[in-house]
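These are my notebook entries on a single model.

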Amino acid sequence: MNNQILAAQGLHLKSSISDLQLFEAQVQVDEPAQYVMDFFDRHPALPGVIVIDNDVCVMMLSRKIFFECISKPFSLELYLKRPIRVMTENLGHPAGLILPHTTPIVTAVQHALGRSGEFFTDPLVVETPGRNL
């Protein structure tokens, strides 16, 4: 990335991921999938939600994966009225890429690019001080 572009955004090569625009979106595993779908509708820029159970990250559920799952035959009937836990258990994806807020952007990009193709575009989870996942 060009140093002038970085400087214009207030970033430099040693910037950490906490210097980037971050989204904060968590849902409890017991919330119905309809709640998650409505949440995505109300927040169109949101790349995903962190599904938590007792302050523990169960999964980073990306918008892409959620809507791919919901668009399959009978999925609306199967998932929308049930807890999001049902979907996350059926998907069987790992929690996602979780990095501390102090991680340099360059390192985070390397980790993100090292994921398998299926998870390549998934958002990452940034651990921040004073927050439990």
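I began with F40, which is buried because its relative accessible area is 1% (buried means under 20%, exposed over 50%, partly exposed in between, with a 1.4 Å probe and protein chains only). I note that this is a predicted model, in which local features need pLDDT of at least 70 and side-chain atom pairs count only at pLDDT 80 or more, while totals for chains, interfaces and linings use all residues. Residues are numbered from 1 along each chain as its sequence is written, and side-chain values use heavy atoms, with hydrogens and water left out.

Aromatic pairs. I found that the structure holds 4 aromatic pairs. Rings of Phe, Tyr and Trp (its six-membered ring) pair if their centres lie within 6.5 Å; planes under 30 degrees apart are stacked, over 60 edge-to-face, and the rest tilted. One of the pairs is Y35 with F39, stacked at 6.2 Å centre to centre and 25 degrees between the planes. Both residues belong to helix 2 (residues 33–42), and because they are 4 residues apart, about one helical turn separates them. Helices here are DSSP runs of H or I with at least four residues, strands are runs of E with at least two, and both are numbered from the N terminus. Y35 counts as partly exposed at 32% relative accessibility, whereas F39, at 13%, counts as buried.

I then turned to F40 and F67, a tilted pair with 5.8 Å centre to centre and 50 degrees between the planes. F40 lies in helix 2 and F67 in helix 3 (residues 63–70), so the pair ties together parts 27 residues apart in sequence. F67 is partly exposed, with a relative accessible area of 27%. Ring pairs also link F40, F66 and F67 into a cluster.

Contacts of S62. I located S62 in strand 3 (residues 56–62); at 3% relative accessibility, S62 counts as buried. Its side chain reaches the backbone nitrogen of I65 at 3.0 Å. Leaving aside neighbours within four places in sequence, S62 is in contact (heavy atoms within 4.5 Å) with F40, P47, G48, D122 and P123.

Surface. Which residues form a nonpolar patch on the surface? I recorded V109, L113 and F120, with about 270 Å² of accessible area together (Shrake-Rupley method, 1.4 Å probe). Patch residues have over 30% relative accessible area and no salt bridge, and nonpolar side chains (Val, Leu, Ile, Met, Phe, Trp, Tyr) are joined within 5 Å, like charges within 9 Å. A salt bridge is a side-chain nitrogen of Lys or Arg within 4 Å of a carboxyl oxygen of Asp or Glu. F120 sits in the loop between helix 6 (105–113) and strand 5 (125–127) and is partly exposed at 40% relative accessibility.

Key
A polar contact is a pair of N or O atoms within 3.5 Å; within protein, one must be able to donate a hydrogen and the other to accept it, and residues adjacent in sequence count only if both atoms are side-chain atoms.
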